[in-house]
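Visitor: I would like to go through the terms used for this structure, one by one. Could you show it to me, please?

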Amino acid sequence: MQNGGTSKLPGYPDYFNERFSTASEVRNVAGMVGSGALNSKMILSQQALRNGFLNMSADNTAIHEFVHLIDKADGEVDGIPEYLIPKSLVEPWIKEMHKTIREIRMGESDIREYAGTNEAEFFAVVSEYFFKKPALLQEDHPKLYRMLDHIYGGAEES
């Protein structure tokens with residue numbers, strides 16, 4: 001809906017804190033997946049949502065948080081999307097994930113450092129990369145690309 005030339009979208013107009021406050025001095029959250037009453041809900045800053053789709057970087061808060069929802073569908077946010085990943089790919093995915101997280105932590109990877117935080121963040125960050133910069137991911141990390149392509153319903157893993 002347009003109102004005076006600006007669109008009115010529900011949600012947080014700017015970054016917020018972990019208690020969902022936009023009035024706090026410290027507001028560094030662009031998006032999160034809720035828990036409790038907000039379980040299975042994704043909360044996003046409108047600014048982060050727009051920026052993620054307007055810029056050409058691999059970062060995208062909406063994709064990132066949506067991937068956490070996918071990951072959480074099996075009950076755990078652990079970097080293993082059990083509803084999507086074929087059982088035969090679980091062990092190779094875990095091995096490749098841990099290998100790449102080690103490389104990130106040692107500064108030996110071009111994947112964003114935040115992916116080295118833990119398995120859940122790794123899955124979310126490399127999924128951003130997969131959807132925003134697929135050709136680059138395929139070129140720089142062909143094994144990760146093939147696995148993500150299979151997880152998200154692409155070609156068969158060989």
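Guide: Let us start with Phe122: leaving aside neighbours within four places in sequence, Phe122 is in contact with Trp93, Met97, Thr100, Ile101, Ile104, Ala115 and Leu144. Contact here means heavy atoms within 4.5 Å. This is a predicted model, in which local features need pLDDT of at least 70 and side-chain atom pairs count only at pLDDT 80 or more, while totals for chains, interfaces and linings use all residues. Residues are numbered from 1 along each chain as its sequence is written, and side-chain values use heavy atoms, with hydrogens and water left out.

Visitor: What makes a nonpolar core, and which residues of the largest one touch the most other members?

Guide: A nonpolar core is a set of buried Ala, Val, Leu, Ile, Met, Phe, Trp, Tyr and Cys residues joined through side-chain atoms within 4.5 Å. The largest one has 24 residues, and Trp93, Ile111, Phe122, Val126 and Leu148 touch the most other members. Helices α2, α3 (87-105), α4 and α6 each supply at least two residues, and α4 gives the most, with seven. Helices are DSSP runs (H or I, at least four residues), numbered from the N terminus.

Visitor: Why is α4 called roughly perpendicular to α6?

Guide: Helix α4 (residues 119-132) and helix α6 (residues 142-151) pack at an angle of about 90°, with their axes 11 Å apart. Axes are lines fitted to C-alpha atoms over the stretch in contact, and angles run from 0 to 180 degrees between N-to-C directions. Angles of 65 to 115 degrees count as roughly perpendicular, so α4 is roughly perpendicular to α6. The contact is made by Phe122, Phe123, Val126, Ser127 and Phe130 of α4 and Leu144, Tyr145, Leu148 and Asp149 of α6.

Visitor: Why does Glu96 count as buried?

Guide: Buried means under 20% relative accessible area (1.4 Å probe, protein chains only). Glu96 has 8% relative accessibility, so Glu96 counts as buried. This residue of helix α3 touches Lys143, Leu144 and Met147, not counting residues up to four places away in sequence.

Visitor: And how do you know that Met147 is buried?

Guide: Met147, in helix α6, has a relative accessible area of 1%, so Met147 is buried. The C-alpha atoms of Met147 and Leu89 are separated by 7.7 Å, though these residues are 58 apart along the chain.

Visitor: Why is α2 described as largely enclosed by the rest of the structure?

Guide: Ten of the twelve residues of α2 are buried, so α2 is largely enclosed. Among the buried ones are Ile63, His64, Glu65 and Val67.

Methods: Angles under 35 degrees count as roughly parallel, over 145 as roughly antiparallel, 65 to 115 as roughly perpendicular and the rest as oblique. Buried means under 20% relative accessible area, exposed over 50%, partly exposed in between (1.4 Å probe, protein chains only).
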